[in-house]
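Hi everyone, thanks for coming. Let me put the model up, and then we'll go through some charged pairs and the packing.

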Amino acid sequence: MPPELDGNQLQVQRIIASKTFKTSEVHRNLLTYLSEKSLSGEAQNLKEYTVGLDVFGKPSTYDPRQESVVRMHVGRLRQKLTEYYRTEGVEDPVIVDLPKGGFALTFAMRPAPVVEPEIAPPVVPARTVSHREVTLAALLVVALVAAGYLAVRLLRVQQTSGASTTAATPWTPDLQELWSPLLSSDRPLMVTLATGAAGSAAASTGDTGVGTANAAFLLGQFLGQRKHNVFPIRSDLLSMGEIAMGDVIFVGSTVGKPQIQAIPPIDPAFVLTPEGVRIVKPQSGEPAFLKDETVKGVQGGQDVEESHALISNLPGLYGNGSILYLEGNQVASVMGAVQALTDPDLARQLVARLKASNGPTAGKLPRYYQVVLRVRAMDETPVDISYVSHRELTISKHPLAARGTR
C-alpha cells in the first residue's frame, strides 16, 4: 500500500493530473520537484543553478546568467497555476501558489465563504473522513497521474527497448549538419503528432494516425539517444505557449489545420494540399503542381502509390527556436520525409542538393529551407525516395519577433 498523502500532497497530485497540465511534462516535473523541496523545507535555499541541474539536466558548466530556461519555465508554471485555479481548481480546498522572487511554493486553505448571520443555516458537524476514504482518494489520483504519465512517456520506453537498433545507425557529418540546430538547442523538443487531416486520403481511411505514430517512433529512436528532453504530443493538444518555449517537429499533414499553418508567418515556396504539393513560383521547366496518385500495375503487376513529402525547416514563433515540418498526405510520404533526415545515405544526398544552390550560401547548408521529395510505395511502405526540388528561404523578422533567431 502506498504511503498516505497529506492534503498538500494530494492537491499537488490533483493539479498534475489536470487538463491544464496534461500537455506539459516539463511543467509537471518542475511542479513535482518544487513541491517536494517546499514541503521538506528546502525550497528557501534553492538556487537557479540547482534547479537547472536537477530538473532540466543542465551540465555542471551551466551559467544561469547566460541561459534563461529556468526563469522562463518558472514564469510559465506560475501562469499555469493561475489558469488552473481559474478553471478546474476553482473549488479546490488547497490553493498552491508560486510567489515571485523565489522557488518556494505556498499552500493555503481556501477561505470559507462568509455567511450572513440572519440566513446562516444550522451548524452541522463535519463528517469525519475515514482513513479508507483518504487512501482510496490517494490511489485514484495516483492512478490518474500514472495514466497520463504513461501516455506521454510511451515513446521513451519504446526508445529504450529499441536502443540497439538506434545505436546501429551511424552518425555521419551530414546528419550532424541537418540536426545541429535542434540538437544543440537547450529548448525542449516536442515531436508533434498530427491527427487526421480533413480532406486527405489518409484521413478517410484512418491511416494518418498510424503513419504519424510510426514516423514519430522512428524519430524517437533516432533523437532519444542524442537529446534528453524530447516530448511526444498530439497536434490538437499543442498550445501556443508550448510552441513559444520549445522547438517543434510537426509530423503529418497541416491540411485543414490553420493554427499550425500560420506558424511561423512566412511566404512558402511549396504548399501541401489534399491532392499533392503546389509550387508557388515554378522555376523554368518545373510544373506548377505535383499530384499524388496511384500508378496501376507497374511493379510486377502491383499498384504503386506515388506521393510527395514536404520538409520545411523554419524559425519558431516570433523568430525563436525552430519548427521542422515533415508533411505528407499518405503514410508512405510521411515515413519518406522522416527517412530522408535519418538515413545516412539519404541524408548525404539531401545535404549535397541543399549545398548546391547558387548565391551567398553556395557550398553551405541553408539555415531555412523547403524540400519536396517523391515517394514511391507499395503496401504503404516506401520503396524509393527521390529528390524533386527545394528552395532556400529568406525569413523576414515578424513585427513581434524577439531579438533574433536562436
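Let's start with Lys-58 and Asp-186, whose side chains meet in a salt bridge at 3.3 Å, N to O. By salt bridge I mean a side-chain nitrogen of Lys or Arg within 4 Å of a carboxyl oxygen of Asp or Glu. This pair links distant parts of the chain, 128 residues apart: Lys-58 sits in the loop between H3 and H4, Asp-186 in the loop between helix H7 (173-183) and strand E3 (189-193). Helices (H or I, at least four residues) and strands (E, at least two) are DSSP runs, numbered from the N terminus.

Before I go on, this is a predicted model: local features need pLDDT of at least 70, side-chain atom pairs count only at pLDDT 80 or more, and totals for chains, interfaces and linings use all residues. Residues are numbered from 1 along each chain as its sequence is written, and side-chain values use heavy atoms, leaving out hydrogens and water.

Are Lys-58 and Asp-186 buried or exposed? Both are buried, meaning under 20% relative accessible area, with exposed over 50% and partly exposed in between (1.4 Å probe, protein chains only). Together with Glu-67, they are linked in a network of salt bridges.

Now the packing. The largest nonpolar core has 40 residues, and Trp-179 is among those with the most contacts inside it. Such a core is a set of buried Ala, Val, Leu, Ile, Met, Phe, Trp, Tyr and Cys residues joined through side-chain atoms within 4.5 Å. Helix H12 (residues 331-342) gives the most to this core, with eight residues. A second, separate core of 26 residues includes Val-12 and Phe-56.
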